[in-house]
Amino acid sequence: RPAPAVDAGRIAAAEIVAALDALPAMQRLNAVTGGAHAAAWCDASGIRLLREDVGRHGAFDKLGGALAHAGIDAAAGFAIVSSRASYELVHKAAMSGIGTLVAISAPTSAAVDLAMQCGMRLIGFARDGAMNLYTRGFE
């Protein structure tokens, strides 16, 4: 299916940095196993939902379900993944209405292309207080 257009909204870089700083302490499964991915949904107040799984897609799928179950407007915040940003994760984010996707590691070129097509803000290599912006700037 084609990815829908999304609204990247107004998000400050400082909000992303704060959420990234809080992420490791919230990754309980990863703390025990050292081998779990996380997907988090955040807004200006910080991380609101976090799900973990051995696979990055499983973690993101769980997050999407938690957003829907909680009745949260996904466009009102941003998502962080503790992995690379693939085409499929950008697609899943867009289908959920998430307008900004932040990845700890690199995005694939197909992910960047899809993010550009649907108007998503895509950020990669987000760690240690720095990040690379691949699409859409900050307002």
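Biologist: Before we start, what are the ground rules for the numbering and the values?

Modeller: Residues are numbered from 1 along each chain as its sequence is written, and side-chain values use heavy atoms, with hydrogens and water left out. Since the model is predicted, local features need pLDDT of at least 70 and side-chain atom pairs count only at pLDDT 80 or more, while totals for chains, interfaces and linings use all residues.

Biologist: What makes residues 13-26 a helix called α1, and how does its span compare with the one expected?

Modeller: Helices (H or I, at least four residues) and strands (E, at least two) are DSSP runs, numbered from the N terminus. Helix α1 has 14 residues. The expected span is 1.5 Å times one less than the number of residues; α1 reaches 20 Å from its first C-alpha to its last, close to the 20 Å expected.

Biologist: Which residues of α1 are buried, and what do they pack against?

Modeller: Ile16, Ala19, Leu20 and Leu23 are the buried ones. They pack against β1 (37-43), β2 (46-53), β3 (78-81), β4 (100-103), β5 (121-127) and β6 (130-133).

Biologist: How do you know which strands of the sheet are at the edges?

Modeller: Two strands pair if DSSP finds at least two bridges between them. The open sheet has six strands in the order β2-β1-β3-β4-β5-β6, with mixed pairing. β2 and β6 each have a single partner strand, so they stand at the edges, with one side of each left without a neighbour in the sheet. From one strand to the next, the twist averages 20°.

Biologist: What makes β1 and β2 a pair?

Modeller: Seven bridges join β1 and β2 in the antiparallel sense, and tryptophan 41 stands opposite leucine 49 in β2.

Biologist: In which sense does β5 pair with β4, and in which with β6?

Modeller: β4 and β5 pair in the parallel sense over three bridges. The chain crosses from β4 through α5 to β5, and this β-α-β crossover is right-handed: with the strands pointing away from the viewer, the path from the first strand over the helix to the second runs clockwise. β5 and β6, by contrast, run antiparallel and are joined by three bridges. Glycine 124 stands opposite asparagine 132 in β6.

Biologist: Where is aspartate 128, and why is it called buried or exposed?

Modeller: Aspartate 128 is in the loop between β5 and β6. Its relative accessible area is 80%, so it is exposed. Aspartate 128 has a positive phi of about 55° although it is not a glycine.

Biologist: And what class does phenylalanine 125 get?

Modeller: Phenylalanine 125 has 31% relative accessibility, so it counts as partly exposed. This residue lies in strand β5 and has a positive phi of about 50°, although it is not a glycine.

Biologist: Why are α4 and α5 called roughly parallel?

Modeller: Angles under 35 degrees count as roughly parallel, over 145 as roughly antiparallel, 65 to 115 as roughly perpendicular and the rest as oblique. Axes are lines fitted to C-alpha atoms, for helices over the stretch in contact, and angles run from 0 to 180 degrees between N-to-C directions. The axes of α4 and α5 cross at roughly 25° and come within 7 Å. The two helices are therefore roughly parallel to each other. Tyr87, Val90, His91 and Ala94 of α4 make the contact with Ala110, Ala111, Leu114, Ala115 and Cys118 of α5.

Terms used:
Buried < 20%, exposed > 50% of the residue type's maximum accessible area, 1.4 Å probe, protein only. Contact = heavy atoms within 4.5 Å.
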